[in-house]
Amino acid sequence: MTGRRVLVVFAHPSHQSLNGAVLTRVLAGLERAGHDVRLRDLYSERFEPRLSLDEKRSHLASPDTKPQLARDFDDLRWCDSLVFVHPTWWGTQPAILKGWFDRVFAADVAWALPSGAKTIRPALTNVRRIVTVTTHGSPWHVNAAQGMAGRRIAHRGLRAVCHPLCRNSWIALYALDRRTEARRERFLRRVERRLARL
Amino acid sequence: MHATVVFAHPDPTSYSRALLDRVVRGLESADHVVDVIDLYAIDYPASLSPAEWHAYASGRPILDDTVAHHADLVRTTDALVFVYPTWWSSVPAILKSWMERTLVEGVAFALEGPDHRLAPKLTHIRNVVGITTYGSPWWYVKLVNDAGRRVILRAIGLLTAGRARLMWHGLYSLDGRSPRRRERFLDDVERAMGALR
């Protein structure tokens with residue numbers, strides 16, 4: 001079997017964080033499995049998360065009219081697997097990653113609106129796998145009460161424009177602040193093992 | 001009553017902007033004092049900065065005057081009102097960033113005891129309101145996501161310790177709506193804001 005093409009999107013301001021350690025293990029797992037990997041490190045790249053007035057007004061325009069996002073579009077079309085690595089803040093992805101969704105999941109890249117159609121059609125049918133690796137400050141039951149909004153955004157909302165058989169994996173560490181070193185290390189090992197089996 | 005309205009849309013000619021204007025008009029008609037935070041207009045940064053992340057652990061997470069001012073509004077406001085378009089099931093990045101930077105420890109919640117138990121600090125807020133437009137129809141929003149509503153009414157609502165009235169006004173299938181239907185939604189929103197207590 002040939003390797004997968006995996007786009008890893010990292011959204012944490014510090015590599016010296018637990019999320020930084022998660023990223024290292026994600027990349028190690030993927031490399032062990034021989035996958036072809038591209039990494040986007042949104043904070044290091046100083047990615048601009050705001051959908052601009054121009055981008056809003058040209059919401060339906062072809063991607064060729066948005067050269068500022070050419071690299072992002074290319075990455076998204078190239079991959080067959082999306083791996084998001086981020087902390088969960090306020091129940092969802094950090095703003096910088098939400099902004100990446102807002103701007104890059106654009107017309108004729110992620111979705112299409114054929115003339116006369118009333119609803120959008122999926123255009124990211126190259127994506128067959130979405131994996132999120134995330135850490136939560138709060139315990140599982142608080143997240144459940146909040147409604148697992150982040151999971152819904154990526155694994156239902158974004159998934160809807162991917163391949164119809166696209167599979168999801170949600171790999172999460174809850175109650176981060178209460179976890180011992182040993183428990184964190186066990187989580188990191190689980191992350192590497194899961195990603196190596198992608 | 002004092003209401004703080006947080007608005008997130010880049011286009012001053014948008015339908016969302018018309019919603020904001022009607023929200024303000026409704027609140028003012030009931031003699032409420034209104035503060036509007038127009039995030040795009042003030043060029044609000046759309047991510048928690050690395051310096052802010054590092055400061056988070058120090059217990060003094062606010063580094064910026066604008067954020068400090070917004071935090072002061074949140075500490076005393078009686079109503080928090082969010083007006084935004086729903087993009088990818090949730091709030092625009094710029095609004096998410098506002099939550100991350102403003103609703104920090106010491107403002108929205110406290111972490112108590114050795115096990116960092118979450119203690120609500122928004123218990124003075126009487127109304128939490130979300131007003132949004134969706135591209136998708138109602139049934140799709142319910143089936144698939146509605147993450148914005150979950151963040152605002154559940155995550156923020158939780159920090160009022162159940163004391164606030166939670167209110168949601170959504171216009172679904174925005175693009176398919178007639179001008180009359182859109183106008184009616186504006187009227188409904190203005191009336192609801194005028195009735196806020």
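**View 1. Burial and overall build of chain B.** Of the 197 residues in chain B, 46% count as buried (20 or more other C-beta atoms, placed from the backbone, within 10 Å of the residue's own). This is a predicted model, where local features need pLDDT of at least 70, side-chain atom pairs count only at pLDDT 80 or more, and totals for chains, interfaces and linings use all residues. Residues are numbered from 1 along each chain as its sequence is written, with chains lettered from A and ligands numbered from 1 in the order in which they are written. Chain B has seven helices and seven strands (DSSP runs, H or I of at least four residues for helices and E of at least two for strands, numbered from the N terminus). Along the sequence they run β-α-β-α-α-β-α-β-β-β-α-α-β-α. With a radius of gyration of 17 Å, close to the 16 Å from the globule rule for 197 residues, chain B is as compact as a globular protein of that length (taken over C-alpha atoms; the rule is 2.2 Å times the number of residues to the power 0.38).

**View 2. Where chain B meets chain A.** The contact takes 31 residues from chain B and 37 residues from chain A (C-beta atoms, placed from the backbone, within 7 Å). On the chain B side, helix 2 (50–56), helix 4 (93–102) and helix 6 (147–158) each supply at least two residues.

View 3. Strand 4 (residues 109–112) and strand 5 (residues 117–120) of chain B pair in the antiparallel sense over four bridges (pairing takes at least two DSSP bridges). B:Ala110 sits opposite B:Ala119 in strand 5. Four residues lie between the two strands of this hairpin, and B:Gly113 in the turn has a positive phi of about 75 degrees.

Conventions: A residue is buried if 20 or more other C-beta atoms lie within 10 Å of its own, exposed if 12 or fewer, and partly exposed in between; C-beta atoms are placed from the backbone. Two residues are in contact if their C-beta atoms, placed from the backbone, lie within 7 Å.
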